[in-house]
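Open the model in your viewer and keep the selection panel handy.

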Amino acid sequence: MEYITIYREPGRYAGWPANYGIWNWGNEIVVGFTLGYMNPDEVFHTRDKSKPFISMQARSLDGGQSWDVHGTPCRTPGNRGLSADEHMNPGMGVGDALDGENAPMDCPGGIDFSHPDFALMCAKTGLKAGVSSFFYTSMDRCRSWQGPYKLPMYDQTGIAARTDYQITNAKTCTLFLTANKQNGREGRIFCARTENGGESFDFLSFIGPEPAGFDIMPASVRLADGRMLVAIRVQGEGSDFQSAKNWIDLYQSDDDGKTWSYFTRPVADTGKGGNPPTLTKLLDGRLCLTYGFRDAPHQMRARLSEDGGATWGEDILLSVPAGNHDIGYPRTIQRPDGTIVTVYYYNDSPEGERYLAATLWKA
């Protein structure tokens, strides 16, 4: 395995690439993340909530060996950082700027989802009741983004979108999203679909029943036989966020997302606070699931399935132990030569900076 540092600066907090997305065109890879400042006095995430987070993306042209890091080239509401409202003090996030400059607008349609250089990115205004979401599109490999475009509320108490989608053809794309539950708390997974080039994304189906804790952060693949799989970050019911049990479940659909059924549990424990999965279909047909394990020894892990997700192998360790639980949120792609690139945020010590890293490995 080879360990690569993508972005690292003393005193800075680079985090949560799973909220933004990863895209690749052969050995050209782009990943999104957010960048703020450290505050070691904070308890779970040691970020400084009094300072702004800004939207960033990193690009590699050599399969993840080297990276160019810069601000995300998109318009954001109020020129504020995307999908980081919950990590800043009230009044600092995009949720407080939706009626001003660069406000989300209706999508005019006409998106060609089959364009060879296409990418889509979702964004959210937070996690609590009343949050809303929007999306961007790119036709030039993330060198510029069009949007923001509104997503409906779907008669839910909130929509907290991270980036996960499946393209069917030039006009048809399915988004996998998280709604707030009826009581306003996060969350419940569902999918929405456009068949008119993005002019509208209509509610398609819930994925699983409303949970006692939360189901959030879907990661989907479509298999060669047409079956769709979605891995979900799950937290059970508990007295508080850090004491509740966390795991990863897998759901399947045999009818193009119209209905879903529970399939299996690839990971029974993801540690304190939990961590989202990635789900990647490898070139040889196997499935690769990557995630962060937030209990000691605090590290990145992967599991492989050779039977379409029915059973999963033992953990493959993708990193040395971290300083504490504040890690993970991975995204994973596979290069044409078979090398797997898993990107995540990490730390070497509880008080040390949070940085963006990648593991290059073979399965």
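For sorting residues by class, Ala, Val, Leu, Ile, Met, Phe, Trp, Tyr, Cys and Pro count as nonpolar, Asp, Glu, Lys and Arg as charged, and the others, Gly among them, as polar. This is a predicted model, where local features need pLDDT of at least 70 and side-chain atom pairs count only at pLDDT 80 or more, while totals for chains, interfaces and linings use all residues. Residues are numbered from 1 along each chain as its sequence is written, and side-chain values use heavy atoms, leaving out hydrogens and water.

**First stop: the cavity.** Select Tyr-20, Trp-23, Gly-32, Ser-55, Met-56, Gln-57, Thr-72, Leu-82, Met-121 and Trp-145, which line the largest cavity. On a 1 Å grid over the protein atoms alone, a cavity is a set of points where a 1.4 Å probe fits but cannot get out, and lining residues have an atom within 4 Å of a point. The space inside is about 40 Å³, a volume being the space filled by probe spheres set on the points. Its lining has six nonpolar, four polar and no charged residues.

**Next: Glu-86.** Look in the loop between β6 (68–71) and β7 (119–124); strands are DSSP runs of E, at least two residues, numbered from the N terminus. Is Glu-86 buried or exposed? Glu-86 counts as buried because its relative accessibility is 19%, and buried means under 20% relative accessible area (1.4 Å probe, protein chains only). Now show Lys-124: a polar contact of 2.6 Å joins its side chain to that of Glu-86. A polar contact is a pair of N or O atoms within 3.5 Å, where, within protein, one must be able to donate a hydrogen and the other to accept it, and residues adjacent in sequence count only if both atoms are side-chain atoms.

Definitions and conventions. 1 Å grid on protein atoms, 1.4 Å probe; cavity = no way out; pocket = protein on both sides within 12 Å on 5 of 7 lines; lining within 4 Å. Helix = DSSP H or I, 4+ residues; strand = E, 2+ residues; numbered from the N terminus. Buried < 20%, exposed > 50% of the residue type's maximum accessible area, 1.4 Å probe, protein only.
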